[in-house]
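Have the sequence and the 3D view open as we go.

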Amino acid sequence: MSFISYLIKGISLGSVYSMIALGYTMVYGIAKMLNFAHGDVIMVGGYVIFIAMSLSGLNPIVGVLLAIILCMVLGITIERVAYKPLRKASSLAVLITAIGVSYLLQNVALLIFGADTKSFSSVITVPALKLAGGALTISGETLVTIPLCLIIMIALNIFIKKSKTGRSMIAVSEDKDASVLMGINVNKTIAITFAIGSALAAVASALLFSSYPSLTSTSGAMPGIKAFVAAVFGGIGSIPGAMIGGILLGVIEILSRAYISSQLADAIVFFILILVLLVKPTGILGKIMHEKV
Amino acid sequence: MAMLEVKNLQVYYGVIQAIKDVSFEVNQGEVIALIGANGAGKTTILHTVTGLIPAKSGEVIFEGTDLQKIAAHKIVSLGIAHIPEGRHVFAQLSVYENLLMGAFTRKDKAEIEESLEGVYQRFPRLRERKNQFAGTLSGGEQQMLAMGRALMSKPRIILMDEPSMGLSPILVGEIFDIIKSISKSGTTVLLVEQNAKKALSIADRAYVLETGKIVLTDDAKKLMDNEQVKKAYLGE
């Protein structure tokens, strides 16, 4: 019974990782850059919800919506101010800038909110579900997280495949020049991608901090790195890859914590990444990129 | 007045000058060929016209509008389609979706549907493969898709970059027949080709480009008889 309970917990954490990993992978696909500040957008989302609920007494749903809007604005602003001027720069310059933006966000948060850990109160009010005569308990957070992430991922897939904007995102990620010739505004499409990634990060922050309620200025960094690992694990640039990678990562993490060692769980996660990359360097669903000549 | 006018164009890649004071014009209804060896600057000229590469100086005027003052992604809606060298179809999108991307800037659904039907009639093969990923098409089919996609923007002029590249002689003939029929239906064509013989056979006029400069221009028929052109480009 406890195995099933760990498995469900792992899938729940993993679906949160998937949502964050989607932001990494979509941005990588379209802008060919690793946005290492993505994890810190989660932290910002967490603080927005915290302030909205604990200090302003707003309804949790309003708090989450507010976080979604502010994170979208933040994502678009980061792209416009920090990354857009570097569109033709070397990828190393962009990577260093992204790390810089990450530290900037963490330190601004530290300045505003202080160094003390804030205790995040759950946005989810669904009661826990007791099964098998109390032997298996599924928390309200898990009951909401898994279906919500599933719905969001299905909706995102439909949006990308079926809408004009979604198709233009595929086109731009594949071939920028040809997209321009079709009349697609590449800068606008990249901005939309950052906005969607950041909105997903905001939802992820609500779910993540509801289950793991301590919030500091560096709270986004670790889930951010893990989601990045999940994206690479699944094949960076691949949307289904990010989903599968995230869920696998969550399950591996929770099971290692339960059965091997809670201290070593993170090390095991990163070790498995190294193994996967040694065997399949492009990740589970990754494609080999052929440089066009 | 010419439909498309390029005046004293200068284009640089870093410090290297790729286009040196190039001027030419394309009139409504014409088929104009730009011929020249690899690296002569043919592709660069087309890229500058559609805004993918900025010019250092010179003018590109389309029906009175200075194209260099317009964002590259807005140029297609003026009526200029550009089929890039190497086709550049969207491999992860289906044939049908690629064609829809061609009509990206158009709004009227009924008219888009009409253009789609027109493209399918011109290229029956594309209708057969409409749900297939474009990446799985053969080279000739991809060229047809790139042409169909360009037609979906309802262009008044089409810029074609090496449409015969990498195709078998039979397919080259087929592609040039299609170019002729596109021209007959009233669309102006600016054709860039290394296959000078084929290009001159369907063009009204042509410009010969050598290392970034126009060295010769005349009616296509006269150029075919020009000794210099024969020797350098027609392999006679």
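Q: Before anything else, what am I looking at?
A: This is a predicted model, where local features need pLDDT of at least 70, side-chain atom pairs count only at pLDDT 80 or more, and totals for chains, interfaces and linings use all residues. Residues are numbered from 1 along each chain as its sequence is written, chains are lettered from A and ligands numbered from 1 in the order in which they are written, and side-chain values use heavy atoms, with hydrogens and water left out.

Q: Which elements give two or more residues to the lining of the largest cavity?
A: Elements here are DSSP runs, numbered from the N terminus: helices are H or I with at least four residues, strands are E with at least two. For the largest cavity they are helix 1 (2–31), helix 2 (38–55), helix 3 (60–83) and helix 8 (186–211) of chain A. Helix 8 of chain A has the largest share, three residues. Among the lining residues are A:Asn35, A:Ala37, A:His38 and A:Phe194.

Q: How do the lining residues of that largest cavity divide by class?
A: Ala, Val, Leu, Ile, Met, Phe, Trp, Tyr, Cys and Pro count as nonpolar, Asp, Glu, Lys and Arg as charged, and the others, Gly among them, as polar. That gives five nonpolar, six polar and no charged residues.

Q: What about the second largest cavity, and which element gives the most to its lining?
A: That cavity has a volume of about 50 Å³, and strand 6 of chain B gives the most to its lining, with three residues. Both chains take part: A:Val180, A:Leu181, B:Thr50, B:Ala72, B:Ile75, B:Val76, B:Ile80, B:Ala81 and B:His82 line it. By class, they are seven nonpolar, two polar and no charged.

Q: And how should I read a pocket?
A: A pocket is an open set of grid points with protein on both sides within 12 Å along at least five of seven lines. The second largest pocket holds about 710 Å³ of space. Of its 26 lining residues, A:Arg87, A:Lys88, A:Lys176, A:Val186 and A:Asn187 are the closest to its centre. Its lining has 13 nonpolar, six polar and seven charged residues, and helix 7 of chain A has the largest share, three residues.

Q: Which residues touch the most other members of the largest nonpolar core?
A: A nonpolar core is a set of buried Ala, Val, Leu, Ile, Met, Phe, Trp, Tyr and Cys residues joined through side-chain atoms within 4.5 Å. Buried means under 20% relative accessible area, exposed over 50%, partly exposed in between (1.4 Å probe, protein chains only). The largest core has 88 residues, and A:Leu22, A:Ile49, A:Tyr83, A:Val123 and B:Met101 touch the most other members. Helix 8 of chain A gives the most to this core, with 14 residues. A second, separate core of 49 residues includes B:Ile112 and B:Val172.

Q: How is the size of an interface given?
A: It is often given as the accessible area lost when the parts come together. The buried area used here is that loss (1.4 Å probe), summed over both parts. Chain B and chain A bury about 1900 Å² between them, 65% of it on carbon and sulfur atoms. B:His73, B:Phe90 and B:Phe104 supply 33% of the area that chain B buries against chain A, more than any other three residues.

Q: Is B:Asn98 buried or exposed?
A: B:Asn98 counts as buried because its relative accessible area is 0%. This residue lies in helix 2 (residues 95–102) of chain B. Leaving aside neighbours within four places in sequence, B:Asn98 is in contact (heavy atoms within 4.5 Å) with B:Val89, B:Phe90, B:Leu93, B:Ala134, B:Leu145 and B:Arg149.

Methods:
1 Å grid on protein atoms, 1.4 Å probe; cavity = no way out; pocket = protein on both sides within 12 Å on 5 of 7 lines; lining within 4 Å. Points joined across faces, edges and corners; volume = space filled by probe spheres on them. Buried area = accessible area lost by both parts, 1.4 Å probe.
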